[in-house]
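Here are my notes for you to read alongside the structure. Keep the viewer open and look up each residue as you go.

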Amino acid sequence: MHIKFTAEFDSEESCRTHFKEERDKIGVICKKFSNTTHYWIKSQWSYECKVCSSRTSLRSGTVMQSSNLSFLIWYKTMFLLTATKKGFSSKEIQRQLGLKRYEPVWAMAHKLRKAMGNRDHRYTLEGMIEMDEGYFTIKASENAHSTQKAGRGSKTKSNVMMMAESTILEDIESGKVERQCRYFKAKVLEDHKADDTDTTFKNGIDKEQTIVFTDKSTSYVNIADYVELHISEKSDETTTKETLKWVHITISNAKRNFVGTYHKIKKKYLQLYLNEFVYKLNRRYFGERVFDRLVIANITGL
Ligand SMILES: [Zn+2]
């Protein structure tokens, strides 16, 4: 597979220049006195505070701040991460970029996935929301493995909460009902306790005038306290095809994507892969602009 990196970013200089332009639009804040006016010292690729003269490098305060990799490498990685719906493993990014060491590539990709999650965390879902849980296959930890019964192998499952804004649209003439989805959220649940479900849910939705659809799982008992209306239905074929259609489709798409792209995800990294999947899903109509958005997430998403 070969993807052509845009000609606009063909050198370290062009990537840095672009990054500076984007950072200037957002603004730089001096760490000492929160001053926002700076001189640009090009020879140092740094900002200098007009009040206290302290320096802020172009990377400082961004996702790239403690990385030794070049801007060009970061740009190529951001391009790869946003170029396809499917995504790339760190091994594949390393191969595409022709880098010797794996660890820095792995760390870079995960930092970007974390920034994607931080970015989406700023937004809450609203209106009509489908919610359900999915069990994702993960690599069992050494501990879990030793306590597992023989024959189950080194795999286990992790519980993920998926939420989708899903508006009911009814065709007045035909009476046919469809659901149109907008934004999604996905969160790895620490265990199956109602507490974690509640907190995840409360942080992820806009409380006013929200209607939530779920199945009749017991971990959802408190949800009615946080929303205008909680509609729960017994799981059957209708729930899967209609009421919870989009969460079900998305959970299985995410599972298929992870199996196809990554090799044995550890539980502690599952949220990062979900971040990337949902980030791109939420920006599925952005086209090439997803890359530009990721540059902004790199600046603000630490
Ligand atoms: Zn200052």
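1. Start with Ser34, which sits in the loop between α1 and β1. Bear in mind that this is a predicted model. Ser34 counts as exposed because its relative accessibility is 53%, and the cut-off for exposed is over 50%. Its phi is near 55 degrees, a positive value in a residue that isn't glycine. That's worth a second look, since most residues other than glycine have a negative phi.

2. Trp45 is another one with a positive phi, near 50 degrees, and again it isn't a glycine. You'll find Trp45 in the loop between β1 and β2. Is Trp45 buried or exposed? At 15% relative accessibility, Trp45 counts as buried.

3. Now for the zinc ion. Which atoms hold it on the protein side? The donors are the SG atoms of Cys30, Cys49 and Cys52, at 2.2 to 2.3 Å from the zinc ion. Along the sequence these donor residues follow the spacing C-x18-C-x2-C. Cys30 belongs to the loop between α1 (12–26) and β1 (38–41), while Cys52 belongs to the loop between β2 (46–49) and β3, so this pair ties together parts that lie 22 residues apart in sequence. Cys30 is buried, at 2% relative accessibility, whereas Cys52 is partly exposed, at 21%.

4. Next, have a look at Ser67, in the loop between β3 (55–57) and α2 (71–83). With 12% relative accessibility, Ser67 counts as buried. A polar atom of the Ser67 side chain lies 3.0 Å from the backbone nitrogen of Leu69. If you skip the neighbours within four places in sequence, Ser67 is in contact with Arg59 and Trp74.

5. Met116 is part of helix α4, residues 103–120. Not counting residues up to four places away in sequence, Met116 touches Leu81, Asn275, Glu276, Tyr279 and Leu294.

6. Last, helix α6, residues 194–204. Its buried residues are Asp196, Thr197, Asp198, Thr200, Phe201 and Gly204. What do they pack against? The partners are the strands β4 (128–139), β5 (155–170), β6 (177–188) and β7 (211–215). As you trace the list, remember that an α-helix has 3.6 residues a turn, so residues three or four places apart point the same way.

Definitions and conventions
Residues numbered from 1 in each chain as written. Predicted model: local features only at pLDDT ≥ 70, side-chain atom pairs only at ≥ 80, totals over all residues. Heavy atoms only, no water. Helix = DSSP H or I, 4+ residues; strand = E, 2+ residues; numbered from the N terminus. Buried < 20%, exposed > 50% of the residue type's maximum accessible area, 1.4 Å probe, protein only. Polar contact = N/O pair within 3.5 Å; in protein donor to acceptor, adjacent residues only side chain to side chain. Contact = heavy atoms within 4.5 Å. Donors = N, O, S within 2.8 Å, 3.2 Å for Na, K, Ca; no water.
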